[in-house]
Amino acid sequence: MKKLLLVHFFVIALIAIGYGQGTISGTITDDNEALIGASVILEGTSNGTITDIDGNFTLSGVPEGNQKISISYVGYSTKTMSMIVDSGSNDAGTIQLSQG
């Protein structure tokens, strides 16, 4: 009985962890060139990622609802972007940073 209760607890916990979260993906550029290693952070959290060699990023574990991401790169102005996130994949498109 205790084992069954414990198994149910873990199954419910795993479902709750994955529920109500989405993924934001996109590309960071400057004048149509990919920015490698740009930081993308979900504001108000420590959840973040960096762009790959093609300027692409994927930020997972983002709660559903209105969210803000902050994009920064050395020598460029930081950009903040608002998105409405739903569960599943959310495309931020191509985000262009300007030197500053």
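Reader: Is asparagine 32 buried or exposed?

Author: This is a predicted model, and the answer is computed from it. A residue counts as exposed when its relative accessible area is over 50%. Asparagine 32 has a relative accessible area of 73%, so asparagine 32 is exposed.

Reader: Where is asparagine 32 found?

Author: Asparagine 32 is in the loop between E1 and E2. Aspartate 31 has its place in that loop too; strand E1 covers 21–30 and strand E2 covers 33–34. At 64% relative accessibility, aspartate 31 also counts as exposed.

Reader: What is there to read in the backbone of this loop?

Author: Start with the general idea. Most residues other than glycine have a negative phi. Now the case here. Aspartate 31 is not a glycine, yet its phi is positive, at about 45°. Asparagine 32 is likewise a residue other than glycine with a positive phi, near 70°.

Reader: Which residue takes a positive phi in the hairpin of E6 and E7?

Author: Glycine 75 does, with a phi near 85°. This hairpin has 6 residues between its strands.

Reader: In which sense do strand E6 and strand E7 pair, and over how many bridges?

Author: Strand E6 (residues 65–72) and strand E7 (residues 79–85) pair in the antiparallel sense, over 7 bridges.

Reader: How do I read a buried residue? Take threonine 27 in strand E1.

Author: The cut-off for buried is under 20% relative accessible area. Threonine 27 has 19% relative accessibility, so threonine 27 counts as buried.

Reader: Which residues does threonine 27 touch, leaving out those up to four places away in sequence?

Author: Threonine 27 touches Asp54, Gly55, Asn56, Phe57, Gly93, Thr94 and Ile95. With asparagine 56 there is also a polar contact between the side chains, at 2.7 Å.

Reader: How many helices and strands does the protein chain have?

Author: The protein chain has 1 helix and 8 strands. Read from the N terminus, the order is α-β-β-β-β-β-β-β-β.

Reader: What can be said of contacts and burial over the protein chain?

Author: For contacts, take those with a separation of 6 or more: residues 24 or more positions apart account for 53% of them. For burial, the protein chain has 100 residues, and 29% of them are buried.

How values were computed: Residues are numbered from 1 along each chain as its sequence is written. This is a predicted model: local features need pLDDT of at least 70, side-chain atom pairs count only at pLDDT 80 or more; totals for chains, interfaces and linings use all residues. Side-chain values use heavy atoms; hydrogens and water are left out. Helices (H or I, at least four residues) and strands (E, at least two) are DSSP runs, numbered from the N terminus. Buried means under 20% relative accessible area, exposed over 50%, partly exposed in between (1.4 Å probe, protein chains only). Contact means heavy atoms within 4.5 Å. Two strands pair if DSSP finds at least two bridges between them. A polar contact is a pair of N or O atoms within 3.5 Å; within protein, one must be able to donate a hydrogen and the other to accept it, and residues adjacent in sequence count only if both atoms are side-chain atoms.
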